[in-house]
Structure formats: C-alpha cells, structure tokens
Amino acid sequence: MIRKFMLISGASGLLLYKTSFEIESSDRIQQPDGRTGLIAGLITALIDFSQKQVQVPFTHMKFEKLALHVVDTMVFVSRSQQQRVICCLESDSEDDERFGRLVASELLFAFVDEYAEKLADMSARAENYEALFEDFSSRIYFIMENLATPIMRDLEEKEGVKYAILLKPSMSEYDYNILSSVWYPSRHPNHTVVLAEVQSFLNVAADISA
C-alpha cells in the first residue's frame, strides 16, 4: 500500500508538495511538519552522496515495515539551466520495488508537466512553496487511475503474452456484472468481441452461482 509521497527541489532541498494516503494521519498532514522538511533535505543529501561517492543513483531503501522509492528528473528552467525535481514515495515494505518506482515516476512527470513554468520562476530563497503547488492534489486520483496503461504495456512485453485487456465491473449494486474496458491495446482487432465474450461468461457464472 502507498502511504505518502513528497516532491522536493533538488537544487535547494526545499519541500514543494506532500500528501498522505493514511487516514489516521490526515489531520496531522495539514499541520506544519518540521520533520518532513528535514526528511526532504536528507533525501537530497543521500542522492548527492550516492552519486558522488559510488556513482550509483539512490533509488530505493527498504526497512522492516516500509520502503522508500526515489525518482528524480531534470527540468529546463532556462535555455542553459536545469533544475532537478525529486519524488520520494513511501510504501509498505512488501510492495514490489518496480511498482513503487512506477507510481513515483508517474507522479513526478505529471507534476513537472503541470508546473514547469512555476518551477522556472522559483527563487532560491527558503520560503514555503507548498501553497504554490497545493492544487496538484486534484490530479492525483487521475494519475493513479491511469497507472493501468504503463502496467498493461509492460505486461504485453512479457514473453508469451499476445494481448492484455483490462476490464472493470460496474460499481452499481444492481448491475455489478456489467463490464467496461479500462484499457486495451490499440492493435487488438476485436476488443469489443472479447468484452462481449467475457460478459457472457460472467452472466453464466452468476447464474450457476445463484
């Protein structure tokens, strides 16, 4: 399970955005948290230390109950200058490292795409930039929902997999077995036929179960 994530300026180590998916900590997240700022600076220092000392990027750290996934990218703030932006995501330790990295990457790239101009206008002064990017919260649900696309593409690249189609049932309690397509490959010639066949199978299964 994804617990929380933060976005950090690699140039200064300043916290740009943070949020939590843990219900019990939702109230705490709204309060100023000095420890979060310290963690942001620590993550930046670890990335720099790893790159300078062993020439290997710092991307993952696993503890007993949680794991940290770190992804960074460079953003052009002028024709000759770049700024690094870092996403640090916390998840349960049993979660696959590749999944944590995928989620962190999608969040980071969406953030950079949305706020490239604001990032370019940021000064080097140590001030609270979280308010500048707080409306990023409205995009998180759609980013998570669209994670199906890279996951399905990766699945299709596996040896022996010809097509991968993702379907979901209706959320209505009256027609729970009505399916709709979440994702299907554009090169698949008959995805509507597959949808109808699976739908028929579910209807038969429901009748047998009843």
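This is a predicted model: local features need pLDDT of at least 70, side-chain atom pairs count only at pLDDT 80 or more; totals for chains, interfaces and linings use all residues.

Mentor: The whole structure holds five salt bridges, and another of them joins E114 to R139, whose closest N and O atoms are 2.9 Å apart. That bridge connects distant parts of the chain, for E114 sits in helix α3 and R139 in helix α4, 25 residues apart. E114 is partly exposed at 41% relative accessibility, and R139 is partly exposed with a relative accessible area of 27%.

A buried setting is found for E90 and R3, whose side chains meet in a salt bridge at 4.0 Å, N to O. Here E90 belongs to strand β5 and R3 to strand β1, 87 residues apart, and a network of salt bridges links R3, E90 and D92.

Turning to the aromatic side chains, the structure holds nine aromatic pairs, one of which is the tilted pair of F5 and Y17, with 5.8 Å centre to centre and 35 degrees between the planes. F5 lies in strand β1 and Y17 in strand β2, and both residues are buried. Y17 also pairs edge-to-face with F136, at 5.4 Å centre to centre and 90 degrees between the planes, although F136 is in the loop between α3 and α4, 119 residues apart from Y17. F5, Y17 and F136 are among the members of one aromatic cluster, which also includes F21, F111, Y115 and F133.

Notes: Residues are numbered from 1 along each chain as its sequence is written. Side-chain values use heavy atoms; hydrogens and water are left out. Rings of Phe, Tyr and Trp (its six-membered ring) pair if their centres lie within 6.5 Å; planes under 30 degrees apart count as stacked, over 60 as edge-to-face and the rest as tilted. Helices (H or I, at least four residues) and strands (E, at least two) are DSSP runs, numbered from the N terminus. Buried means under 20% relative accessible area, exposed over 50%, partly exposed in between (1.4 Å probe, protein chains only).
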